[in-house]
Amino acid sequence: VKWNRDHTRLMQARQQQLEADGWTCFVEDANAFKLEGATAVLAGKPDLVAVKGDQVLLVDGKTGRERESDIWQVLIYLWALPKVRPELAAKQIEGEVYYRSGPVTLTPDELDDERRTRLLDLIKVIG
């Protein structure tokens, strides 16, 4: 219950910041996706998808300490969402892990060939 309350407050604060800066925000269930592959179905749900002109920001909030898995989660969103929602593929897309201490911004360039291979291999193993 505490985590849920803290997470909701964190994401509401981030949404208010983005909207005050002119972004249109879509929240949780509106962002759910499923990407069906030959080996598995990859599903996810970024906390916020913010759009401003030709820019898109995928935000996932975290109330705990920073972890590498948080970065990977947002990298997965950066990789998968343009495949599921083609209207995003033509836009400038970034990801963000939003902690209480502030954001860690990620670009699609950070999902280089090595990381993409690791991601696809992991999906195959899990599938």
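**View 1. The second largest pocket has a volume of about 160 Å³.** In this predicted model, where local features need pLDDT of at least 70, side-chain atom pairs count only at pLDDT 80 or more, and totals for chains, interfaces and linings use all residues, a pocket is an open set of points on a 1 Å grid over the protein atoms alone, where a 1.4 Å probe fits and protein lies on both sides within 12 Å along at least five of seven lines, and lining residues have an atom within 4 Å of a point. The volume is the space filled by probe spheres set on the points, which are joined across faces, edges and corners. The lining includes Trp79, Leu120, Ile123 and Lys124, and its largest share, three residues, comes from helix 4.

**View 2. The largest pocket has a volume of about 210 Å³.** Among the residues that line this pocket are Val41, Trp72, Ile76 and Arg118, and helix 4 gives the most, with five residues. Residues are numbered from 1 along each chain as its sequence is written, and side-chain values use heavy atoms, with hydrogens and water left out.

**View 3. Phe33 and Tyr77 form an edge-to-face aromatic pair.** Their ring centres are 6.0 Å apart, with 90° between the planes; rings of Phe, Tyr and Trp (its six-membered ring) pair if their centres lie within 6.5 Å, and planes under 30 degrees apart count as stacked, over 60 as edge-to-face and the rest as tilted. Because Phe33 lies in strand 2 (residues 33-36) and Tyr77 in helix 2 (residues 68-84), the pair ties together parts that are 44 residues apart in sequence; helices (H or I, at least four residues) and strands (E, at least two) are DSSP runs, numbered from the N terminus.
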